[in-house]
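Let's take a walk through this protein together, with a stop at its aromatic rings and another at its strands. Keep the 3D view open as you read.

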Amino acid sequence: LLEGACNRYASTLEGRLKAIKKLMNYSVKTPLLIEPNLFGAFPTMSYRHLECVWIFNNPIHVEEVTKGKSIIHFPNGHSVFVNASKHVLLKQHQRLHTSLNIYGIHHHRKK
């Protein structure tokens with residue numbers, strides 16, 4: 001699904017991840033800018049793991065259930081259980097929004 005979404009905006013999943021790694025100097029758990037000026041997602045762990053969950057740039061509330069396990073609550077009332085700590089999730093959420101903002105700044109400078 002993510003590959004198809006990236007293709008729709010003239011790129012690939014690997015291409016998008018590589019660009020953000022270079023722009024932001026990230027090495028692991030790189031956020032994905034699907035449509036760089038509008039939306040993206042962040043992984044809860046390495047996207048190569050089957051347990052990885054991608055969380056899109058929506059407002060979230062994170063509740064840590066036990067060490068390394070959390071529930072993410074969304075404004076629409078939905079929740080999802082993930083194998084990641086609250087600290088990791090909030091850091092990843094911030095990385096995604098920082099990447100969106102930095103990309104937006106770079107993109108506007110080139111116009």
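Start by finding Y47, which counts as partly exposed because its relative accessibility is 26%, a value between the cut-offs of 20% for buried and 50% for exposed. Keep in mind that what you're looking at is a predicted model. Now look for W54: at 18% relative accessibility, W54 counts as buried, since buried means under 20%.

What's going on with these rings? A pair of aromatic rings is described by the distance of the centres and the angle of the planes. The structure holds 2 aromatic pairs. Y9 sits in the loop between α1 (2–8) and α2 (13–24), while F39 belongs to strand β2 (residues 39–43), so their pairing ties together parts that are 30 residues apart in sequence. How accessible are they? Y9 is partly exposed, with a relative accessible area of 30%, and F39 is partly exposed too, at 27%.

Y47 and W54, the residues we began with, also form an aromatic pair. Their centres are 6.4 Å apart, and with 50 degrees between the planes the pair is tilted.

Which residue lies over the face of Y26? That would be R95, at 3.8 Å from the ring centre.

Time to move on to the strands. Strands of a sheet pair through backbone hydrogen bonds, either parallel or antiparallel. Here, strand β4 (residues 61–66) and strand β5 (residues 69–73) pair in the antiparallel sense over 5 bridges. You can trace some of the partners yourself: H61 is bridged to H73 in β5, and T66 has K69 of β5 as its bridge partner. The hairpin of β4 and β5 has 2 residues between the strands, and in this hairpin G68 takes a positive phi near 80 degrees.

Now zoom out a bit. An open sheet is formed by 3 strands in the order β4-β5-β6, with antiparallel pairing. Why does one side of β4 and of β6 (79–82) lack a neighbour in the sheet? Both stand at the edges with a single partner strand each, so one side of each is left without a neighbour there. As for how the strands are turned, neighbours in this sheet are at 20 degrees to each other on average, direction ignored.

Note on methods. Residues are numbered from 1 along each chain as its sequence is written. This is a predicted model: local features need pLDDT of at least 70, side-chain atom pairs count only at pLDDT 80 or more; totals for chains, interfaces and linings use all residues. Side-chain values use heavy atoms; hydrogens and water are left out. Rings of Phe, Tyr and Trp (its six-membered ring) pair if their centres lie within 6.5 Å; planes under 30 degrees apart count as stacked, over 60 as edge-to-face and the rest as tilted. Helices (H or I, at least four residues) and strands (E, at least two) are DSSP runs, numbered from the N terminus. Buried means under 20% relative accessible area, exposed over 50%, partly exposed in between (1.4 Å probe, protein chains only). A charge sits over a ring if NZ of Lys or CZ of Arg is within 6 Å of the ring centre and within 35 degrees of the ring normal. Two strands pair if DSSP finds at least two bridges between them. Axes are lines fitted to C-alpha atoms, for helices over the stretch in contact, and angles run from 0 to 180 degrees between N-to-C directions.
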